[in-house]
Structure formats: C-alpha cells, structure tokens
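Please read the points below with the model open beside them.

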Amino acid sequence: MRSRHHTITAVFDGFYVALVTNLLLVLGCLPLVTLMFTTEAARSWPLYALTAPLCAPGLCAVFAVMSAYSAGDSGGVLRTYGRAWRATARPAMLWTAAAMAALVVLAVDARAAWGHRVGALALPVLATLIVLTIATTLLGLVTLADRPTARLRDVARACLYLAVRRWYLTAVSLLVLVLLAQILAARPAIALGLAAAPLLYVVWANSRFTMRAALDPPTTAPQTT
C-alpha cells in the first residue's frame, strides 16, 4: 500500500514538474516564442540569431530544474529556476551570442558557396562545422546549468572534445531536438504545453551523461601507508 502511494506521488510530482517547466520555458524564451508567432522564419532569421542569447538563461534554468528533479528535489521548481537563471544569465548569454555569431558566419559562407563549384568541397565542411557548433552550444548550456562559474574557454574545449568523442550521444540529442522542432512547427500548443519538457529532459539527461567525465571527475582514493 505504501509503495503504491509513493508511486502515485511520484507520478503527480513528475506531472507537476513537467507542466511548470513548460510554463517557465515559454516565459524564459518569450522573445523567441513571440518572433515565432509574429514573423516568418525564412525572412527574420537575423532576429532569431539576435534574440537567442536572451533566451539562453531560461534554457539553462530549465536544465537546472531537471537536474534538481533527477536528484530527488521536485518541490522548489520556481526557486530552483530563479536561482539558476540569476547564476547563469551572463555566461549563458555570452556563450550563446558567440555560438550565434559563428553560426551566422557559417550559414552566410554556405549560402555563398551554394550553386558554385567550390561548394562541392566547402558545403560538407561547413555543414559539419554547423552541426558541431550546435552540439557544442547545447552541451555548454547543460554544463553552465551545472557549473555556472566555469570559464567559457574551458567549457568550449571540453564540450567540443566530448561532442566528437561521444558522437553517438550527440546524434541522439540532436535528433530529439529535431523532433521537438518538428512538433513545434506543426503543433505549437502541444509542443510548448506538453512535449517540450519530456523531450528536453531526454536531451538534458543524454547531454549530462556525455559531459559526465568533465562534470564528475573521478576522485582518487587516499593512499594508505
């Protein structure tokens, strides 16, 4: 009987955290959500690039909520979100701004090479760099949610290395993000109201496992004489 009660409580706690997390995600990414519903993406991509850094602290805070929930803390969602948002605001915005600048440069280069003979060689390289940039950015946001005081140079080096070394995990995270983007394009209300939190939890858990070597370095046992 007690086990059944704990199961029901855990289910309701998970449902509560998911709903509140979805709401906080929409609030934290409100500039991008507003652009998505008011402008055409094909023509306003520079606005998306400029607005994305403003939403980065909200995404980091959502990852922090998921980390707390995974550790067994499902009560203080708002408190955890607010504390993580304040802690990650500056590094997350700087990190995402640098990533957006790199993506814009790579996208412009790809557009310039499209339809030319040099594109046969340049486009695969540029596409690979774009994917690596997106993967490194995602891992960096997960890392900053866990270590907001980490130096961005160290974060970039560790995330790039582990994104390539554990490419299969990186591929899973990117595929889940693509799925979320497809749901968002087809059914925005379902994506933002229901699907975002579970799918992002998969991305967070996968990315957290990818970064485990950097975030949870092995401790050496004390030597005995």
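**Notes on the model**

1. Cys-55 is buried, at 4% relative accessibility (buried means under 20% relative accessible area, exposed over 50%, partly exposed in between, with a 1.4 Å probe and protein chains only). Cys-29 is also buried, with a relative accessible area of 14%. The sulfur of Cys-29 is 4.6 Å from that of Cys-55, its closest cysteine sulfur, which is too far for a bond. Cys-55 is accordingly in no disulfide, and the count is 0 disulfides (a disulfide is a pair of cysteine sulfur atoms within 2.5 Å).

2. On the basis: this is a predicted model, in which local features need pLDDT of at least 70 and side-chain atom pairs count only at pLDDT 80 or more, while totals for chains, interfaces and linings use all residues. Residues are numbered from 1 along each chain as its sequence is written, and side-chain values use heavy atoms, with hydrogens and water left out.

3. An unreviewed UniProt entry places "transmembrane region" at residues 12-33, 45-71, 92-114, 120-145, 166-184 and 190-207; such annotations may be inferred rather than shown by experiment. Residues 92-114 are 96% helix and 0% strand, with end C-alpha atoms 32 Å apart. For residues 166-184 the values are 95% helix, 0% strand and 27 Å. Helices (H or I, at least four residues) and strands (E, at least two) are DSSP runs, numbered from the N terminus.

4. The largest pocket has a volume of about 1,600 Å³. On a 1 Å grid over the protein atoms alone, a pocket is an open set of points with protein on both sides within 12 Å along at least five of seven lines; a cavity is a set where a 1.4 Å probe fits but cannot get out; lining residues have an atom within 4 Å of a point. Of the 39 residues lining this pocket, Leu-32, Tyr-48, Ala-52, Met-100 and Ala-181 lie nearest its centre. The lining divides into 35 nonpolar, 3 polar and 1 charged.

5. How many cavities of 30 Å³ or more does a search of the whole structure find? The search finds 1. The largest cavity has a volume of about 50 Å³. Helices α5, α7 and α8 each supply at least two residues of its lining, and α7 gives the largest share, 4 residues. The lining divides into 5 nonpolar, 5 polar and no charged residues.

6. Thr-210 and Asn-206 are both among the residues lining that cavity. Thr-210 sits in helix α8 and is buried, at 1% relative accessibility. A polar atom of the Thr-210 side chain lies 2.9 Å from the backbone oxygen of Asn-206.

Terms used: Grid points are joined across faces, edges and corners, and a volume is the space filled by probe spheres set on the points. Ala, Val, Leu, Ile, Met, Phe, Trp, Tyr, Cys and Pro count as nonpolar, Asp, Glu, Lys and Arg as charged, and the others, Gly among them, as polar. A polar contact is a pair of N or O atoms within 3.5 Å; within protein, one must be able to donate a hydrogen and the other to accept it, and residues adjacent in sequence count only if both atoms are side-chain atoms.
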